[in-house]
Amino acid sequence: MTKISIDVRAVEQDRQTALQLLHHRILTCRSCEEQGYIKTARPLVNGRASDRIMVIGQAPGHRSVAKGRSFSGPGGSMLQKWLEQAGFPPGYLHAHVYLSSLTRCDPGRNPRGDGDRRPSPSEVTLCRPYLEAELAILQPEVVLLVGAMAIEAFLGKRKLEECIGAFEESNGALLLPLPHPSGVSRWLLDPAHQQLLHQALAILSQWRENLGL
Ligand code: SF4
């Protein structure tokens, strides 16, 4: 049998270079602004080529854009808390998790003015190639699908109670659906839904142990 030797450091370097180039493309993208979906495009990118867990959320909020860091608002604090419940240390979310989303720019407030606007299907379609490129470069072992929009984008339309607490595998990645961690979501007020979240975090804890995350 022919022995194939792989220069792991060279592969890692290639991934890092590919990710830097991709980040540059994302950061300079103005497609949604040019097409009139948002007033000002200020894309966010967060993460390293070596990250083994990727979070895919809906879109950055205004706090994250202001700080230049994804999941900088209450949703990020809650997500970090959930990671700690699964056995990860404090600070893990921003230090070791690749933070991505369906769109990279803040869609702004919804027309009622009481929350963030959901990005339109057209905006999601415009931004999707960046997400696909990130997945191809990183090849994450674990993908946390945060919120109904991200879950639908990867697993199809389904109720949260039908998918939280379970997982799927796709292209070598373990996909774990989670509810949106922002306080706006009322889904978690139901004790039965809290139990489903507990189940999901138990799965994540098991992966942390088994995969050495
Ligand atoms: S949301 Fe995505 S596609 Fe739209 S302007 Fe921002 S980076 Fe570009």
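This is a predicted model: local features need pLDDT of at least 70, side-chain atom pairs count only at pLDDT 80 or more; totals for chains, interfaces and linings use all residues.
A residue is taken as buried here if 20 or more other C-beta atoms lie within 10 Å of its own, with C-beta atoms placed from the backbone. E2 spans residues 97-101 and is mostly covered, five of its five residues being buried. Val97, Leu99 and Ser101 point to one side of the strand, Tyr98 and Ser100 point the other way, and all are buried.

E2 belongs to an open sheet of five strands, arranged in the order E2-E1-E3-E5-E4 with mixed pairing. The edges are formed by E2 and strand E4 (168-170), each of which pairs on one side only. On average, and with direction ignored, neighbouring strands of this sheet are turned by 25° against each other. In general, the strands of a sheet pair through backbone hydrogen bonds, in either a parallel or an antiparallel manner.

Two of the pairings can be followed in more detail. Strand E1 (residues 53-57) runs parallel to E2, and five bridges join the two. Within this pair, Gly57 has Ser101 of E2 as its bridge partner; Ser101 is also one of the buried residues of E2. Elsewhere in the sheet, strand E3 (residues 142-146) pairs with strand E5 (residues 173-178) over five bridges, again in the parallel sense. Here Leu144 stands opposite Leu176 in E5.

Helix H1 (residues 8-27) packs with H6 at an angle of about 170°, and the two axes are 10 Å apart. Angles over 145 degrees count as roughly antiparallel, and H1 and H6 are therefore roughly antiparallel to each other. On the H1 side the contact involves Arg15, Ala18, Leu19, Leu22 and Ile26, which meet Tyr130, Ala133, Glu134 and Ile137 in H6. Sorted by class, this contact has seven nonpolar and two charged residues, and no polar ones.

Technical notes: Residues are numbered from 1 along each chain as its sequence is written. Axes are lines fitted to C-alpha atoms, for helices over the stretch in contact, and angles run from 0 to 180 degrees between N-to-C directions. Helices (H or I, at least four residues) and strands (E, at least two) are DSSP runs, numbered from the N terminus. Angles under 35 degrees count as roughly parallel, over 145 as roughly antiparallel, 65 to 115 as roughly perpendicular and the rest as oblique. Two residues are in contact if their C-beta atoms, placed from the backbone, lie within 7 Å. Ala, Val, Leu, Ile, Met, Phe, Trp, Tyr, Cys and Pro count as nonpolar, Asp, Glu, Lys and Arg as charged, and the others, Gly among them, as polar. A residue is buried if 20 or more other C-beta atoms lie within 10 Å of its own, exposed if 12 or fewer, and partly exposed in between; C-beta atoms are placed from the backbone. Two strands pair if DSSP finds at least two bridges between them.
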